Amino acid sequence: KLIDIKVGYSGGITINPTYEQISTGTTQHAEVVQITFNPQILSFMQLTLFFFSIHDPTTLNRQVNDIGTQYRSVIFYSSLQQKLQSISVRDSIQSKFKQPIVTEISEASTFYIAEEYHQRYLDKNPNGYCNHKFYW
């Protein structure tokens, strides 16, 4: 269903940032994944629902033990339709959470691919740290 997934950085002010740079919190980038998918097989709304189900969208600039603006919950959309669908999904699942959803929904900006050691990280590090789990 997914054609390609790349790990990287987006939403910041630094051109071609490194992991070390974004880790300082000064670049304003978020750690993100860029997903290429076939919308005839998997819809953007299905991806958005999955996104909201595997992390806590109610914590500002934090995911479990990872703290900082680079860990904010964010959806970068590439069309008005994706923006409206993101808002619709966010609003439809709010009742699943006790706290308000703080996920940022912003127009996509330049995506910078992360260093090779970040790509397919858990395949390369089977015992590596991952804070994603199903929340509902």
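A residue is called buried here when its relative accessible area is under 20%, exposed when that area is over 50%, and partly exposed in between. In this predicted model, buried residues make up 35% of the 136 residues in the protein chain.

Among the contacts in the chain with a separation of 6 or more, 70% are accounted for by residues 24 or more positions apart.

Helix H3, which spans residues 80-93, comprises 14 residues and reaches 20 Å from its first C-alpha to its last, a value close to the 20 Å expected at 1.5 Å a residue. The buried residues of H3 are Gln-82, Gln-85, Ser-86, Val-89 and Ile-93. When H3 is seen down its axis, these buried residues fall within an arc of 105°, and they therefore line one face of the helix. In general, an α-helix has 3.6 residues a turn, so residues three or four places apart point the same way. The elements against which the buried residues of H3 pack are helix H2 (44-53), strand E5 (74-77) and strand E6 (104-107).

Two of these packing partners, the strands E5 and E6, run parallel and are joined by four bridges, with Ile-75 standing opposite Ile-105 in E6. Taken together, E5, H3 and E6 make a β-α-β unit that is right-handed.

Thr-48, which is found in helix H2, has a relative accessibility of 4% and so counts as buried. When residues up to four places away in sequence are not counted, Thr-48 touches Ile-75, Ser-86 and Val-89; of these residues, Ser-86 and Val-89 belong to the buried residues of H3, whereas Ile-75 is the residue that stands opposite Ile-105 in E6. Gln-46 also lies in helix H2, but Gln-46 is partly exposed, with a relative accessible area of 41%. Between Gln-46 and Val-89 there are 43 residues of separation in sequence, while in space the two are 9.2 Å apart, C-alpha to C-alpha.

Elsewhere in the chain, three strands form an open sheet in the order E2-E1-E7, in which the pairing is antiparallel. Strand E2 (30-37) and strand E7 (112-113) stand at the edges of this sheet, each with a single partner strand, so that one side of each is left without a neighbour in the sheet. Strand E1, made up of residues 2-10, pairs with E2 in the antiparallel sense over eight bridges. Within this pairing, Ile-5 stands opposite Ile-35 in E2, and Val-7 has Val-33 as its bridge partner in E2. The pairing between E1 and E7 is likewise antiparallel and extends over two bridges, with Tyr-9 standing opposite Tyr-112 in E7.

Terms used
Residues numbered from 1 in each chain as written. Predicted model: local features only at pLDDT ≥ 70, side-chain atom pairs only at ≥ 80, totals over all residues. Heavy atoms only, no water. Expected span 1.5 Å × (residues − 1). Buried < 20%, exposed > 50% of the residue type's maximum accessible area, 1.4 Å probe, protein only. Arc of directions from axis to C-beta. Contact = heavy atoms within 4.5 Å. Pairing = 2+ DSSP bridges. Right-handed = clockwise from strand over helix to strand, strands pointing away.
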